[in-house]
Amino acid sequence: MKIITHKFVEQIPRQLDDDVIYISLKYSTAIHKCFCGCQEEVITPFSPTDWQLAFDGKTISLSPSIGNWNFKCQSHYWIRNNQMVWAKKWSDIEIEAGRRQDLLNKERYYAKKKDSYWSKVIRWFKR
Ligand SMILES: [Zn+2]
């Protein structure tokens, strides 16, 4: 476990400090240097199918967990109330399954959106 700091910013700064997560509401995204210490930059976009940000007025939480499968460190952790909490390391099979699930969620979400759009069009025609 590690204490981290959050900073709400307009622009993502060029120089990122250790143990700080920079949050841009304007761009609906956050960035931080991997909390394992490997210095890789982790970008977590906010969207209904990516990450969700919770701000309780003092601390931030991100969900779901952050799995840095593309980095050498393969670190996996949660950000909960300005704390980095280690999560279970995933096997290759779990990573692959996670990726597939993520894709499925996106497909489902956007299909639903399309449905609602078309159902509106159909309703309009039937008036
Ligand atoms: Zn790392």
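**Sheet and domain interface**

Tutor: Start with the open sheet: five strands in the order E1-E9-E8-E7-E6, with antiparallel pairing. The model is predicted, with local features needing pLDDT of at least 70 and side-chain atom pairs 80 or more, while totals for chains, interfaces and linings use all residues. Residues are numbered from 1 along each chain as its sequence is written, and side-chain values use heavy atoms, leaving out hydrogens and water.

Student: What makes strand E1 and strand E6 the edge strands?

Tutor: E1 (2-3) and E6 (52-55) each pair on one side only. Strands are DSSP runs of E, at least two residues, numbered from the N terminus.

Student: How do you know that E6 pairs with E7?

Tutor: Pairing takes at least two DSSP bridges, and four join E6 to E7 (residues 60-67), so they count as a pair. Ala 54 stands opposite Ser 61 in E7.

Student: Why is Lys 88 with Glu 94 called a salt bridge?

Tutor: The rule wants a side-chain nitrogen of Lys or Arg within 4 Å of a carboxyl oxygen of Asp or Glu. Here the closest N and O atoms are 2.8 Å apart, so the pair qualifies. Between domain 1 and domain 2 the count is two salt bridges.

Student: What are the bounds of domain 1 and domain 2?

Tutor: Domain 1 is 2-89 and domain 2 is 91-127; such bounds come from an automatic or database domain assignment.

Student: How many residues of each domain are in contact?

Tutor: Eight of domain 1 and nine of domain 2, contact being heavy atoms within 4.5 Å.
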